[in-house]
Amino acid sequence: MTETTQTRTVPPAGGNGAGSPEHRLAVETLGGLRADLFHDAFALRPMPPMSTDGPLTRRLPDRIRARAARLPHAMVGLAALLAFFIGTVSGPYAQAQGVLAGALCALPVLLTLVRPVGAFWASMAVHPVIAVVGGVWGGWPWAPGAFVCHLSVLVIVAIRTRPRTAVWMWCLTAAYGFVMESVLGAGHYGNNSGPMLVFSAFALLVVCVWHVRRDARQEVSAQQTVTAHERSRRTLLEERTTIARELHDVVAHHMSVVAIQAEAAPYRVENPPEELERAFATIRENAVAALTELRRVLGVVRAEDYEAPDAPQPTLADLDGLLANVREAGLDVERTVTGAVRELPPGVELSAYRIVQEALSNTLRHAPGATARVEVSYVLGGLGLRVVNGPIPPTSLVKPSPGAGHGLTGMRERVAMLNGAMTAGPAGDGGYEVSVFLPVAVVDEDEA
């Protein structure tokens with residue numbers, strides 16, 4: 001017979017439930033109240049100037065725009081002046097009492113300029129003082145000047161802090177009104193806690209919506225910046241991948257030639273030494289290994305839908321065919337060649353052809369109907385390219401099409417790969433100009 005014993009853990013008597021969700025919620029709530037309205041409540045926080053880069057302020061003259069940055073401070077001063085005026089003239093005050101009541105109403109509003117949270121506590125503190133000084137029994141617990149003062153303080157502090165602080169201020173205002181009406185409200189025939197709570201709730205709701213909208217706009221702007229950065233990086237990687245695929249054909253051709261010549265070289269010499277045969281065998285093995293690694297790397301960067309081209313990569317000798325194609329597309333283009341035409345390294349030839357091709361494609365997209373000119377300059381230290389297009393003619397019926405920004409990125413990558421220099425920007429006549437210099441090492445005839 002087997003006996004089964006079950007053990008049950010019983011919470012100790014008198015436990016306070018420190019781990020319960022209700023307790024954690026209460027702790028977090030009190031912590032939020034303490035952080036928003038009690039911690040460094042009277043810390044110095046001057047109101048910053050208003051930003052002047054908005055859609056309306058940008059249109060203002062510079063002198064007026066500099067003054068417009070202080071518009072929030074002027075609005076606070078206007079609210080303080082209004083509270084002072086209403087606090088002075090309302091109620092059966094003597095002249096000195098009226099000025100004192102008006103000053104007490106204006107002080108918390110002005111305090112929001114430097115100590116916003118402290119201004120809320122100051123507003124809560126001056127209301128009973130104003131009631132005692134003026135002996136107001138009609139509007140309770142807020143006298144007319146105190147009403148304007150507290151409502152202004154709530155709105156200004158909510159704008160300067162965050163929505164959670166606005167909620168706490170409204171709750172404390174409601175608690176203050178309830179206590180004053182319940183404890184000290186006997187004998188007053190006009191209680192205005194209801195209007196205060198309604199008006200303040202509506203005003204604070206508008207401020208909270210403004211906060212949420214501003215935060216959402218900032219988040220969207222930040223996300224757009226990150227997206228643009230990622231798009232730029234992706235474009236750069238795509239262009240580098242394209243360049244790598246194109247250069248693979250050129251490099252693979254030369255490595256294959258090296259391997260074949262290294263294998264055939266010993267047979268061209270009668271009775272070659274054994275050391276020479278081993279050297280050529282090593283050269284061939286290294287060439288084949290390099291070609292294998294090159295193909296492996298190309299397989300990593302190749303896109304899934306990439307198809308290897310059947311024709312060899314183009315060179316400057318194929319430039320006439322490119323110009324004929326763009327002429328058929330409607331672009332009036334002419335070519336000028338200066339210097340002694342000579343054969344350049346395959347990488348330079350390929351990059352020069354692609355740069356001219358992309359520059360003419362950009363002209364077709366962004367300047368339909370314009371004319372273009374291609375200048376190829378063979379100089380001692382390298383190759384110079386210049387592609388210039390004129391402005392869009394007024395009679396053109398074709399609208400420019402927006403591009404993705406890949407063209408200039410690809411051209412810059414090709415130029416940087418060859419340690420060249422490139423400039424691109426608007427021309428003086430309203431067109432666009434792309435200038436490129438690709439350096440080519442000069443080989444002496446003796447070394448050749």
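Two strands count as paired here if DSSP finds at least two bridges between them. Helices (H or I, at least four residues) and strands (E, at least two) are DSSP runs, numbered from the N terminus. This is a predicted model, in which local features need pLDDT of at least 70 and side-chain atom pairs count only at pLDDT 80 or more, while totals for chains, interfaces and linings use all residues. Residues are numbered from 1 along each chain as its sequence is written, and side-chain values use heavy atoms, with hydrogens and water left out.

**View 1. A hairpin of β4 and β5.** Let's start with two antiparallel strands, β4 and β5 (residues 432–439), which are joined by six bridges. Five residues lie between the two strands of this hairpin, and Gly430 in the turn has a positive phi of about 100°.

View 2. Step back and you will find five strands in the order β1-β2-β3-β5-β4, with mixed pairing. Because β1 (332–338) and β4 (421–426) each have a single partner strand, they stand at the edges, with one side left without a neighbour in the sheet. On average, neighbouring strands are turned by 10° against each other, direction ignored. Angles such as those in the next view run from 0 to 180 degrees between N-to-C directions, using axes fitted to C-alpha atoms, for helices over the stretch in contact.

**View 3. Two helices packed on the sheet.** Contact here means heavy atoms within 4.5 Å. Helix α10 (residues 319–328) touches β1 and β2 (371–379), and its direction makes about 160° with that of β1. Helix α11 (residues 346–366) touches β1, β2, β3 (382–389) and β5, with its direction at about 5° to that of β3. Look also for the antiparallel pairing of β3 and β5, which spans eight bridges; within it, Arg386 has Ser435 in β5 as its bridge partner.

**View 4. An aromatic cluster of Phe38, Phe120 and Trp121.** These three residues are linked by ring pairs. Rings of Phe, Tyr and Trp (its six-membered ring) pair if their centres lie within 6.5 Å; planes under 30 degrees apart are stacked, over 60 edge-to-face, and the rest tilted. By this rule there are four aromatic pairs. Phe38 and Trp121 have ring centres 5.2 Å apart and planes at 45°, so their pair is tilted. Phe38 belongs to helix α1 (residues 21–38) and Trp121 to helix α5 (residues 116–134), so the pair ties together parts 83 residues apart in sequence. The Phe120 and Trp121 rings, with centres 5.3 Å apart and planes at 65°, are edge-to-face. Phe120 is buried at 0% relative accessibility, whereas Phe38 is partly exposed at 48% and Trp121 is partly exposed at 23% (buried means under 20% relative accessible area, exposed over 50%, partly exposed in between; 1.4 Å probe, protein chains only).

**View 5. Residues closest to the centre of the largest pocket.** Of the 22 residues lining the largest pocket, Met50, Pro72, Ile159, Trp210 and Arg214 are closest to its centre. On a 1 Å grid over the protein atoms alone, a pocket is an open set of points where a 1.4 Å probe fits, with protein on both sides within 12 Å along at least five of seven lines; lining residues have an atom within 4 Å of a point. Helix α8 gives the largest share of the lining, eight residues.
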